[in-house]
Amino acid sequence: MNINYEYYKIFYYAAKYKNITRAAAAIGSSQPNVTRVLKLLESELNCKLFEREARGITLTEEGRRLYAHVQIAVMQLENAQEELSGQAACQMGTVEIGATETALHLFLLDALRSFKESHPGARIKIHNDTTPKLLKKLACGGLDFAVLTTPFAQHKLVSKRLHSFQEILVAGSQYRELGQRKWKLGELHRYPWVGLLEGTATDAFYREYFLRQHTKVELDLEAATSDLLIPLIRSNFGIGFVPEKLAQPFFMRQELVQIPLSCSLPQRDICLVSDQERGKSILSAGLQKYLTEEYVFSTR
C-alpha cells in the first residue's frame, strides 16, 4: 500500500481540529480538497475514519487507532524541520517531556527555568500525567524523555537519578494532637487517610511500604494527582504522605502538622527516563545532558 504522506498530514489536522474548515486553513488548502483526500484515505485503508456530525467530525474507533500513530509521526517530523531550519546548535527546536506532578514541582520547573535562560529559543512541551501513562507514551515514541518519581518498571528504558527527596506523614490543623508524640503506623488506622488513586506508582509504593510495616491502611479519599494531596490534607479530609519540601511552608503557617513515626520514613528518587534505542534531536540530547550532569552538579 503506497499512500501519499500528505494524506496522513491532512488526516492529522482534521482529527486534531475536528473540523474540515479549520484543518484546511491550518495546512493552506481548501475545504473540498481536504474532504476529497479524507475520502481517498478511507478508500485506500478500506475503513471509515470519521463520523460526520452537525458541529464537525469525530474519529471512529479505527480513526482513533490511526491517529495515535500519525500524531507521533507528524510531531516528530515537524520537530525535525524546526530543528534543521535555522537553529544554532541546540538553541532552538522543540522537546517533549513527560513529568509527574511531584517531579515537576520538586525538580523540573527550576531546572527548566535555568536551561531556558541560556537557550531562549528552545520550545518545551510538558506532558503531565501518571507514571504508568507517561511510560506508555514514552515507549510509543510520544515523548523525548520523561522525569518520573520512583518506583516504576523500566523494561527496555534507561533511567538516571536526578534528585532524592524525603516524604513525611502530615495532618491538617484538626488533627494537631497527632504531632505531640511518635506513633506506630498501625496505631493510625482509625484516622482517615488521603492518598493517590489505585494504579498510580505512588499508590503501589505505599501499599508495599505498609506491608513492610506489617499494617494495612485503606484510603478514605483518593486523589488523581499528587498536587491535590496537600490541599485535601490542609482541609482536614485526612492524614497522608507528602514530600517534606512541599509541606514546609504550611508548617510555618500552622496549616499542617508533621506526625512523627517510630518507623523509618520513605525516601524516593526523581529520575530521567529515556529510550536509548530511539534517536535524539540536538535539543533533546542537550537538555538531557544538562539535567543529568550540569544542573544536577550545580545543585549539589
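Me: Leaving out residues up to four places away in sequence, which residues does Asp-203 touch?

Reply: This model is predicted. Asp-203 is found in helix α7. When residues up to four places away in sequence are not counted, the residues it touches are Leu-196, Leu-197, Glu-198 and Leu-219.

Me: Does Asp-203 count as buried or exposed, and at what relative accessibility?

Reply: A residue is called buried when its relative accessible area is under 20%. Asp-203 falls under that cut-off and therefore counts as buried, its relative accessibility being 8%.

Me: Which residues of α7 are buried?

Reply: Helix α7 covers residues 201-212, which makes 12 residues. Its buried residues pack against α6, β6, β7, β9 and β11. Those buried residues are Ala-201, Thr-202, Asp-203, Phe-205, Tyr-206, Tyr-209 and Phe-210.

Me: How far does α7 reach from its first C-alpha to its last?

Reply: At 1.5 Å a residue, a span of 16 Å is expected for this helix. The computed value for α7 is close to that, at 17 Å.

Me: What is the phi of His-214, and where does this residue lie?

Reply: Most residues other than glycine have a negative phi. His-214, in contrast, takes a positive value and is not a glycine. The residue comes just after α7, in the loop between α7 and β8.

Me: Is His-214 buried or exposed?

Reply: The term exposed requires a relative accessible area over 50%. His-214 has a relative accessibility of 75%, so the residue counts as exposed.

Me: What is the phi of Asn-236, and is the residue buried or exposed?

Reply: Asn-236 lies in the loop between α8 and β9. Its phi is positive, near 65°, in a residue other than glycine. With a relative accessibility of 18%, against a cut-off of under 20%, Asn-236 counts as buried.

Me: Which residue of β11 is the bridge partner of Ala-146?

Reply: Strand β5, residues 145-149, is joined to β11 by 4 bridges. These two strands run antiparallel. In β11, the partner of Ala-146 is Val-273.

Me: Which two residues does a cis peptide bond join?

Reply: Most peptide bonds are trans. In this model, a cis bond with an omega of about 5° occurs at Pro-151, whose place is in the loop between β5 and β6. The residues joined are Thr-150 and Pro-151.

Me: What separation is found between the C-alpha atoms of His-155 and Asp-275?

Reply: His-155 lies in the loop between β5 and β6, and it is exposed, with a relative accessible area of 75%. Along the chain, His-155 and Asp-275 are 120 residues apart. Their C-alpha atoms are separated by 10.0 Å.

Me: What share of the residues in the protein chain is buried?

Reply: The protein chain contains 10 helices and 11 strands. Its C-alpha trace spans about 75 × 45 × 35 Å along the principal axes. Of its 300 residues, the buried share is 45%.

Conventions
Residues numbered from 1 in each chain as written. Predicted model: local features only at pLDDT ≥ 70, side-chain atom pairs only at ≥ 80, totals over all residues. Heavy atoms only, no water. Pairing = 2+ DSSP bridges. Expected span 1.5 Å × (residues − 1). Buried < 20%, exposed > 50% of the residue type's maximum accessible area, 1.4 Å probe, protein only. Contact = heavy atoms within 4.5 Å.
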